[in-house]
Amino acid sequence: MSSAFLTDAAPRPQAASAAFVAALATAQVGAFLSFMPLLTILAPLKAAALDPANKAWILAQVSFWGALVAGVSNIVAGAVSDATRSRFGRRRPWILAGLVGAVVSYLFIMRADAVPELVAGVLLFQICLNLLFGPLVALLADCVPAARRGRVAAFLGFAPPAGAMAGALVAGLLPPQDAVRYGAIAALLVAATAPLLVLAPERPTGAGLLRLAQPPRPEGPRGLRLDRDFAAAWLSRLLMQLAITIVSLFTLFSIQDRTALPRGLAPEALLGLLVGVSCVMQVAASLAGGFLSDHLARRKPFVVGAGLLLAGGAAALAFGTDWRLMAGAFLVFGLGYGLFTAVDAALITDVLPSAEDAGRYLGLSNLANTLPQMVAPLLGAALLEAASGYAWLYLAAAAAATAGGLLVLAVRRVR
């Protein structure tokens, strides 16, 4: 047996090929395409169709339990892929399994005609998506040198705006039939992920199709080793994602309940236009931030700036019900969102306590993405029962973004 099949050492990142970077970015886009339209457009529409009077609480249930399962399954997926021994590498088998499961889960969600069925379908989707997403994110640490992670993360930053644009297209351009909408995002996910399954530069880690191993280590029992920098970066991401989740989750309801719509425009179509404005700015800010943070060898100033931009956009949404003012707010918010997604991905990878266990630590860092999906719906549903609920909700988002941006200053290993 070749020694390549026996090694359990972490792969040493080499110069990433352009083809692999393109495939990795496309697969990340596909992952966001698969869940952003679902959570920001299709699930709210399904909740409103099931019970218009209680749509916010239904969405809170879906988001809370979905986020809880997503957080756990992402950590498990990262740890399992770390321990995978396969002729196809550590990450590839789980990316494929998650892809197939995510496509199947769309059918369950589409056919749900009661709240428990909707929740169950979203839980299945979250398990399968994170089985794909955990190993996918770990490839950045596995295969890309630290000095190039900012620019690679800049291309990965296309994923959130592309996912948001997919939501806009699903809501505004495609026929309103569920089969068309769900079928479109399933097809996009498959098409976006397939190239990475071929091009990922993963070396074999075992002779068979798949087995799990936990080799002994001389330094002692296997366990997570957390430090100040990782904790600060994690909490910064948590607060920033809380702001982003609040804005993403409740803006459709805000438009429905308090915005005078242009003639002939449905609420979801207006949201699609606002998201389109935001996406243009996200792409520009992501590319600029990723390349500049590599060139200057600095991450923290960009994350601080992202937090302040996110806060400004959210604060404008607190008091702006006119659709033109909302467009300006989404422009500012998009700048902050794009800057954050590019540079934060590089920063969190730079402060991992162990490259050998990248999947497990990145799974833990993903909790900072999923916990806000649990908190934001409950916070939003509670505040919407109070007077001026939307204003307080957006101001809470602004405060979280400001705190998250400033907290990254506590990181010491990264400038």
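**Helix packing and a buried asparagine**

The chain comprises 13 helices and two strands. The model discussed here is a predicted one. Of its 415 residues, 55% count as buried.

Helix α1 spans residues 18–50 and helix α2 spans residues 55–82; the two pack with their axes 8 Å apart, at an angle of about 130 degrees. This angle makes α1 oblique to α2, and the crossing of α1 past α2 is right-handed. On the α1 side, the contact is formed by Ala43, Pro44, Ala47, Ala48 and Leu50, which meet Lys55, Ile58 and Leu59 of α2. By residue class, the contact of α1 with α2 contains seven nonpolar residues and one charged residue, with no polar ones.

Attention then moves to a single side chain elsewhere in the fold. Asparagine 130 belongs to helix α4, which covers residues 115–143. Its relative accessible area is 4%, so asparagine 130 is buried, the cut-off being under 20%. Which residues does asparagine 130 contact, leaving aside its neighbours within four places in sequence? They are Ala70, Ser73, Asn74, Ala77, Pro135 and Asn366. Among these partners, Ala70, Ser73, Asn74 and Ala77 have positions that fall within the residue range 55–82 of helix α2.

Note on methods
Residues are numbered from 1 along each chain as its sequence is written. This is a predicted model: local features need pLDDT of at least 70, side-chain atom pairs count only at pLDDT 80 or more; totals for chains, interfaces and linings use all residues. Side-chain values use heavy atoms; hydrogens and water are left out. Axes are lines fitted to C-alpha atoms, for helices over the stretch in contact, and angles run from 0 to 180 degrees between N-to-C directions. Helices (H or I, at least four residues) and strands (E, at least two) are DSSP runs, numbered from the N terminus. Angles under 35 degrees count as roughly parallel, over 145 as roughly antiparallel, 65 to 115 as roughly perpendicular and the rest as oblique. A crossing is left-handed if the near helix is turned anticlockwise from the far one by less than a right angle, and right-handed if clockwise. Contact means heavy atoms within 4.5 Å. Ala, Val, Leu, Ile, Met, Phe, Trp, Tyr, Cys and Pro count as nonpolar, Asp, Glu, Lys and Arg as charged, and the others, Gly among them, as polar. Buried means under 20% relative accessible area, exposed over 50%, partly exposed in between (1.4 Å probe, protein chains only).
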